[in-house]
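Here are some notes to read with the model open beside you. Take the points one by one and find each residue as you go.

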Amino acid sequence: MKLSSEAIQKLLKAVKSTRDKELDCGHCYDELDHFIEIKLSGKKASEAMPLVQEHLDRCPPCREEYEVLLEALKALSE
């Protein structure tokens, strides 16, 4: 299987952006409720929980789950 130049560039970017400590999807999901609570309180969740923010920035499925939960909780608080 031959990779396109674009696919190779994406892979290289992903490799360069890895860190010694990262969350997998399971751990990210476990932390979403706390992350959202911080965000809804008006504080900077990305600063309080940078590993969660980094995972959400890189993982579309977790980002989607986060956005759905955030919108649901916002709707409940209205």
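**Notes on the model**

1. Let's start with how the chain meets itself. If you take contacts in the protein chain between residues at least 6 apart in sequence, 58% of them join residues at least 24 apart. Keep in mind that this is a predicted model.

2. Next, the overall layout. The protein chain has five helices and zero strands, so reading from the N terminus on gives you α-α-α-α-α, with a helix counting as a DSSP run of at least four residues. Of its 78 residues, 21% count as buried. The accessible surface of the chain comes to about 6,200 Å², and carbon and sulfur atoms hold 55% of that.

3. Now have a look at helix 4, which covers residues 50-58. Which residues of helix 4 are buried? They are Val52, Gln53, Glu54, His55 and Leu56. The cover over these buried residues includes helix 2, helix 3 (45-48) and helix 5 (60-77).

4. Pick out His55 from that group. His55 counts as buried because its relative accessible area is 11%, and the cut-off for buried is under 20%. Setting aside residues up to four places away in sequence, His55 touches Leu23, Asp24, Cys25, Cys28 and Cys62.

5. Gln53 also lies in helix 4. Is Gln53 buried or exposed? With 18% relative accessibility, Gln53 counts as buried. Leaving out neighbours within four places in sequence, Gln53 is in contact with Phe35, Ser46 and Arg63. Gln53 and Leu23 are 30 residues apart along the chain, and 9.8 Å separates their C-alpha atoms.

6. Over in helix 2, find Cys28. Its relative accessible area is 0%, so Cys28 is buried. What does Cys28 touch, not counting residues up to four places away in sequence? The answer is Leu23, Val52, His55, Leu56 and Cys62. Cys28 and Cys59 are 31 residues apart in sequence, and from C-alpha to C-alpha they are 10.0 Å apart in space.

7. Stay in helix 2, residues 25-40, and find Asp30. Asp30 counts as exposed because its relative accessibility is 52%, and the cut-off for exposed is over 50%. On the surface, Asp30 belongs to a patch of negative charge that also takes in Asp24, Glu31, Asp33 and Glu37.

8. There is a nonpolar patch on the surface too. Met1, Leu3 and Ile8 make it, and its area is about 370 Å². Met1 sits in the segment before helix 1 (5-16). With a relative accessible area of 95%, Met1 is exposed.

9. On to the salt bridges. How many does the structure hold? There are three. One of them joins the side chains of Lys44 and Glu47, at 3.8 Å from N to O. Lys44 and Glu47 are both exposed.

10. Another salt bridge pairs Arg63 with Glu67, and their closest N and O atoms are 3.0 Å apart. Why are Arg63 and Glu67 separated by about one helical turn? Because they are four residues apart in helix 5. An α-helix has 3.6 residues a turn, so residues three or four places apart point the same way. Arg63 is partly exposed, with a relative accessible area of 29%, and Glu67 counts as partly exposed at 38% relative accessibility.

11. The side chains of Lys74 and Glu71 meet in a salt bridge at 3.9 Å, N to O. Because Lys74 and Glu71 are three residues apart in helix 5, about one helical turn separates them. Lys74 is partly exposed, with a relative accessible area of 32%. Glu71 is partly exposed as well, with a relative accessible area of 47%.

12. One last thing to trace on screen is how some of these points link up. Arg63, the salt-bridge partner of Glu67, is one of the residues in contact with Gln53.

Technical notes
Residues numbered from 1 in each chain as written. Predicted model: local features only at pLDDT ≥ 70, side-chain atom pairs only at ≥ 80, totals over all residues. Heavy atoms only, no water. Patch = residues over 30% accessible without salt bridge, like charges linked within 9 Å, V, L, I, M, F, W, Y side chains within 5 Å. Areas by Shrake-Rupley, 256 points an atom, 1.4 Å probe, with all protein chains shown as cover. Salt bridge = Lys/Arg side-chain N within 4 Å of Asp/Glu carboxyl O. Lys, Arg positive; Asp, Glu negative; His and termini not counted. Charge placed at Lys NZ, Arg CZ, Asp CG, Glu CD. Helix = DSSP H or I, 4+ residues; strand = E, 2+ residues; numbered from the N terminus. Buried < 20%, exposed > 50% of the residue type's maximum accessible area, 1.4 Å probe, protein only. Contact = heavy atoms within 4.5 Å.
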